[in-house]
Amino acid sequence: MNAISWPENEKLLVHIRESKYDGSLPCFYPAHLFPEVEPLKKNWKAIRDEVLTYERQHGLIKGLNTYSPPELSSEVSWSNIYLENFTWRFHKNRKYFPVTCAALDKIPNCTLAAISVLSPHSTIMPHYGDTNGIIRCHLGLVIPDKHPVCGIRVGKEEMGWAEGETLFFTEAHQHTTWNNSDKRRYVLVVDIIPQGLAERKSELCSKVLGAQTFVYFEKRFPFLKNISGSALKATHLLLSALWRMYLPVQRRLKFL
């Protein structure tokens with residue numbers, strides 16, 4: 001288990017609409033604090049090869065998942081395949097990546113996993129994450145160049161990726177990534193709940209999915225943008241409760 005404890009003065013936040021984060025969590029974390037991700041590092045070449053084999057058989061990974069905000073980048077620039085989104089499993093996608101999923105299943109408190117591809121000369125615009133309750137990990141799979149050609153900025157700090165190495169950061173901070181090389185950049189994205197919040201995993205995941213669901217409908221039905229205050233909170237609580245009931249069933253039944 002990771003050695004990250006939850007600060008006593010830090011309030012757990014789940015943003016329904018994107019909000020600025022002013023908490024005290026660090027931008028980046030030392031990788032040695034997360035021994036539970038060793039299955040990923042140990043198998044990184046097999047994970048990379050699995051992704052590249054998928055592309056040889058099915059074509060280049062293209063397009064964004066429903067829960068990846070399209071305003072952050074174009075579908076030509078940023079593509080991903082979700083395997084899990086706050087414990088909601090994408091069973092149809094997981095069947096193509098058995099080695100990756102076997103390694104992920106060994107990580108306690110893993111809540112999200114996705115293969116993220118950034119095209120040459122592309123950027124994901126600065127944005128804030130869904131919650132301060134997770135720590136995001138990037139496992140470098142194909143990294144065409146070092147920082148500053150390829151990199152990530154979290155808050156005011158910048159780092160680059162390395163193949164087979166992990167990079168950890170607080171996703172709640174404003175962050176942006178770029179690839180100014182001539183080749184595609186591939187990372188495996190994994191979210192982990194800090195040890196101090198492990199007992200609130202179900203609550204956290206259902207609340208984030210409830211917020212994502214509201215935003216999904218808000219973009220399709222503009223009148224929902226007028227909902228605020230107590231009405232917004234009540235709607236979010238209802239959606240979160242539905243997700244909390246659905247998730248345990250969905251994870252077991254692969255046809256859902």
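The model on screen is predicted. A search of the whole structure turns up 12 aromatic pairs. For the pair Trp 243 and Tyr 246, the ring centres are 5.8 Å apart and the planes meet at 70°, so this pair is edge-to-face, the term for planes over 60 degrees apart.

Colour the two by accessibility. Trp 243 is buried, at a relative accessible area of 12%, whereas Tyr 246 has 32% and counts as partly exposed.

Is His 236 buried or exposed? Its relative accessible area is 8%, so His 236 counts as buried. Leaving aside residues up to four places away in sequence, His 236 touches Val 14, Ile 16, Lys 207, Gly 210 and Ala 211. For a distance across the model, draw a line from His 236 to Val 37: the C-alpha atoms are 32 Å apart, and the two residues are separated by 199 residues in sequence.

Move to Thr 111 in strand 4, residues 110-118. The relative accessible area of Thr 111 is 0%, so Thr 111 is buried. Which residues does Thr 111 touch, not counting those up to four places away in sequence? They are Glu 84, Asn 85, Phe 86, Thr 87, Ile 134, Asp 191, Ile 193, Lys 201 and Cys 205.

From that list, pick Phe 86, one of the contacts of Thr 111. Phe 86 is in the loop that runs between strand 2 (78-85) and strand 3 (88-89). With 0% relative accessibility, Phe 86 is buried. Check its backbone as well: Phe 86 is not a glycine, yet its phi is positive, about 50°. Most residues other than glycine have a negative phi, and most peptide bonds are trans.

Asn 109 is another stop for the torsion display. Asn 109 is not a glycine either, and has a positive phi of about 60°. Asn 109 is located in the loop between helix 4 (98-104) and strand 4. This residue is buried, with a relative accessible area of 13%.

**A cis peptide bond**

Now select His 147 and Pro 148. The peptide bond from His 147 to Pro 148 is cis, with omega near 15°. Pro 148 lies in the loop between strand 6 (135-142) and strand 7 (150-154).

**The whole chain**

Finally, clear the selection and zoom out. The protein chain contains 6 helices and 11 strands. Its radius of gyration is 18 Å, close to the 18 Å from the globule rule for 256 residues, so the chain is as compact as a globular protein of that length. Along the principal axes, the C-alpha atoms fill a box of roughly 50 × 40 × 35 Å.

Of the 256 residues, 52% count as buried. Among contacts between residues at least 6 apart in sequence, 78% join residues at least 24 apart. With a surface display on, the accessible surface of the protein chain is about 12,400 Å², and 55% of this belongs to carbon and sulfur atoms. Colouring by charge picks out 32 positive and 25 negative side chains, with the centres of the two sets 6 Å apart.

Key
Residues are numbered from 1 along each chain as its sequence is written. This is a predicted model: local features need pLDDT of at least 70, side-chain atom pairs count only at pLDDT 80 or more; totals for chains, interfaces and linings use all residues. Side-chain values use heavy atoms; hydrogens and water are left out. Helices (H or I, at least four residues) and strands (E, at least two) are DSSP runs, numbered from the N terminus. The radius of gyration is taken over C-alpha atoms; the globule rule is 2.2 Å times the number of residues to the power 0.38. Buried means under 20% relative accessible area, exposed over 50%, partly exposed in between (1.4 Å probe, protein chains only). Contact means heavy atoms within 4.5 Å. Accessible areas come from the Shrake-Rupley method with a 1.4 Å probe; for residues, only the protein chains shown count as cover. Lys and Arg count as positive and Asp and Glu as negative; His and the chain ends are not counted. The place of a charge is taken as NZ of Lys, CZ of Arg, CG of Asp or CD of Glu. Rings of Phe, Tyr and Trp (its six-membered ring) pair if their centres lie within 6.5 Å; planes under 30 degrees apart count as stacked, over 60 as edge-to-face and the rest as tilted.
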